[in-house]
Each structure stands twice: as C-alpha cells, then as structure tokens.
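User: I am new to this structure. Please show me how to read its features step by step.
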Amino acid sequence: MKGQLSLEYYISLLTFIGTVSFILMQILGLIPSYKFEAKKEIVYSEGFQISEMLVNGLGYPANWSFLTSSEIKRIGLNDEKFNQTNLISSQKINRLNSIFLTEGYEKVKELLGTEREFRILIANETQVLVDIQPTQPYTGSKARIERVVCIDGKEVGKVYVEVW
C-alpha cells in the first residue's frame, strides 16, 4: 500500500479544504461591515466633539463675540458669564451667524478646527437662529447629534450638528 492514495483520503481532503474555505469566506464577509461600522463611529465621535465644543466650550478667547474674526482662535457658544453646562449665549450665536454670513462656511470650519464637512442648526422654540452648511451635498457616512440647550437662561433651544 505504499504510495497509493485511497478514495477515503481524497474525500477527507476535499471535505477539509471545503470546510476551511467556507470558514474563511464567512470571516472575510464580516470585515466590510465592521469597517463600515467603525467609520460610522468615528464620524459620530467627531460630530459629538463639535457639538460639545459648541455647547459647553467658551471658545478662545472666551469673549470672542466682541473680537474681529482674525483675533478668534476657536468658537464656543457657552456663556462666559455663567459658565454652566448647556447654557449658551445669544450674543455668541449672533456673532457666529455673522461670521458665516460675511466670511463663509470655510471660516467657520477653520474656527471649529475640523476637516470634516458639517451642518450646524441652532433653533429656539419659534425660529431657526443659525443654519450653517456647505454648498456641496454630503457624501459618505453621516452622523446627527441633537443637544438641548438653554439660551441666555431664558428660553429652551436645540443645537443640531450633522457631520459627514
């Protein structure tokens, strides 16, 4: 029987190769979905960071709403008089809107320090106060963060941040 291969050997070899191939195909099929979910989480994380910086950050310098845009290093809408969580200043909202209207989306993007495209919508119960968005439509994974805020300690509002 030296040097001879039996039918059982061929069947077991083919079964082994088939099983290993099946397992590899299943594993390789999972990788794209994990990559997509990981990218989605990264986008959501960056969107949350932007919303956190806007809602709970003072900006730098803290009184940036009184400065020219060239003197502003970073924007944040938190009211520097009270410095409380989710309490934002209408004066800073108005200044942010004026920067967007006069200098454009790219200036706001620079002041936020992000490379991703985004949309920021700030509204109170009756009207939209700020709507900052790029001119091109979004592509890729998109995350939307909604934050409930108090504006000047007087009225409830919402800050929506979409990032893609």
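Analyst: Start with accessibility: buried means under 20% relative accessible area, exposed over 50%, and partly exposed in between (1.4 Å probe, protein chains only). By that scale, Asn83 is partly exposed, because its relative accessibility is 48%. A note on the source: this is a predicted model, where local features need pLDDT of at least 70, side-chain atom pairs count only at pLDDT 80 or more, and totals for chains, interfaces and linings use all residues. Residues are numbered from 1 along each chain as its sequence is written, and side-chain values use heavy atoms, with hydrogens and water left out.

User: Where is Asn83 found?
Analyst: First, the elements: helices (H or I, at least four residues) and strands (E, at least two) are DSSP runs, numbered from the N terminus. Asn83 sits in the loop between strand 2 and strand 3 (87-88). Its phi is positive, about 50°, although Asn83 is not a glycine.

User: What is the phi of Asp152, and where is that residue found?
Analyst: Asp152 has a positive phi of about 55° and is not a glycine either. Its place is the loop between strand 6 (143-151) and strand 7 (155-163). Asp152 counts as partly exposed because its relative accessibility is 28%.

User: Is the peptide bond from Tyr60 to Pro61 cis or trans?
Analyst: That bond is cis, with omega near -10°. Pro61 belongs to the loop between strand 1 (59-60) and strand 2 (74-75).

User: Does Arg147 count as buried or exposed?
Analyst: Arg147 counts as buried, because its relative accessibility is 11%. Arg147 lies in strand 6.

User: Which side chain makes a polar contact with the side chain of Arg147?
Analyst: A polar contact is a pair of N or O atoms within 3.5 Å; within protein, one must be able to donate a hydrogen and the other to accept it, and residues adjacent in sequence count only if both atoms are side-chain atoms. Here the partner is the side chain of Ser51, at 3.0 Å. Contact in general means heavy atoms within 4.5 Å. Beyond neighbours within four places in sequence, Arg147 touches residues including Phe48, Glu52, Asn86 and Lys158.

User: At what angle do helix 2 and helix 3 pack?
Analyst: Axes are lines fitted to C-alpha atoms, for helices over the stretch in contact, and angles run from 0 to 180 degrees between N-to-C directions. Helix 2 (residues 90-103) and helix 3 (residues 105-112) pack at about 130°, with axes 6 Å apart. Under 35 degrees is roughly parallel, over 145 roughly antiparallel, 65 to 115 roughly perpendicular, and the rest oblique. The two helices are therefore oblique to each other. Leu96, Ile99, Phe100 and Glu103 of helix 2 meet Tyr105, Lys107, Val108 and Leu111 of helix 3.
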